[in-house]
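Trainee: I would like to learn how to read a few features of a structure that is new to me. Could we go through them one by one?

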Amino acid sequence: MSVAYDPNNIFAKILRGEIPCEKLYEDEDTLAFMDVMPQAEGHLLVIPKLGARNILDVPPEVLSSLILRVQKLARAAKAGMGAEGVTIIQFNEPAAGQTVYHIHFHVIPRWEGIALRPHSGKMADSATLKAHADKIRAALAADA
Ligand code: 5GP
């Protein structure tokens with residue numbers, strides 16, 4: 001039995017424009033924005049506009065279109081950040097490490113020998129997030 005979606009979660013508030021985000025990409029079904037507590041430089045999140053708690057309840061057609069956007073953002077993050085690789089992470093339920101209950105994929109640029117910082121660790125300053133977002137937005141624009 002899956003747990004009901006809570007429309008007051010922080011990503012639902014971002015989608016409704018009630019709290020700000022450093023936006024990277026938006027289309028009819030999807031929003032991508034910078035993670036405020038990045039585990040590496042350029043760490044971003046991709047979410048569907050439809051409210052679903054996690055992979056256990058998201059409708060298959062929403063998940064299908066979401067993963068294509070994850071690929072698009074992964075390519076842009078790697079190119080824009082000059083990364084050597086990209087880690088994709090997706091948590092489901094508290095026991096698995098989920099802390100925000102609106103399905104999302106983490107897209108994290110990676111470099112050889114640089115370990116990930118802790119999950120939901122330290123807040124980045126907004127100027128740093130914007131500088132990294134500008135690089136990823138430029139890569140997205142070049143890809144368009
Ligand atoms: P989860 O554990 O649910 O997979 O991860 C939630 C992610 O959302 C964490 O990486 C955390 O840093 C990020 N996060 C939490 N609150 C906010 C917020 O208000 N804005 C943004 N942009 N990211 C957030």
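Trainee: Where is serine 120 found?

Mentor: This is a predicted model, and in it serine 120 is found in the loop between β5 and α3 (126-143). Serine 120 has a positive phi of about 50° although it is not a glycine, and its relative accessible area of 38% makes it partly exposed.

Trainee: How many aromatic pairs are there, and how is such a pair read?

Mentor: A pair of aromatic rings is described by the distance of the centres and the angle of the planes. The count here comes to 1 aromatic pair. The rings of phenylalanine 11 and phenylalanine 33 have centres 5.4 Å apart and planes at 75°, so the pair is edge-to-face. Because phenylalanine 11 lies in helix α1 (residues 10-15) and phenylalanine 33 in strand β2 (residues 30-34), the pair ties together parts that are 22 residues apart in sequence.

Trainee: Are phenylalanine 11 and phenylalanine 33 buried or exposed?

Mentor: Phenylalanine 11 is buried, and phenylalanine 33 is buried as well.

Trainee: How many salt bridges does a search of the whole structure find?

Mentor: Side chains of opposite charge can pair when their charged atoms come close. The search finds 9 salt bridges, and one of them joins arginine 69 to aspartate 27, with the closest N and O atoms 2.5 Å apart. Arginine 69 lies in helix α2 (residues 60-81) and aspartate 27 in the loop between β1 and β2, so this pair ties together parts that are 42 residues apart in sequence. Arginine 69 is partly exposed at 22% relative accessibility, whereas aspartate 27, at 17%, is buried.

How values were computed
Residues are numbered from 1 along each chain as its sequence is written. This is a predicted model: local features need pLDDT of at least 70, side-chain atom pairs count only at pLDDT 80 or more; totals for chains, interfaces and linings use all residues. Side-chain values use heavy atoms; hydrogens and water are left out. Helices (H or I, at least four residues) and strands (E, at least two) are DSSP runs, numbered from the N terminus. Buried means under 20% relative accessible area, exposed over 50%, partly exposed in between (1.4 Å probe, protein chains only). Rings of Phe, Tyr and Trp (its six-membered ring) pair if their centres lie within 6.5 Å; planes under 30 degrees apart count as stacked, over 60 as edge-to-face and the rest as tilted. A salt bridge is a side-chain nitrogen of Lys or Arg within 4 Å of a carboxyl oxygen of Asp or Glu.
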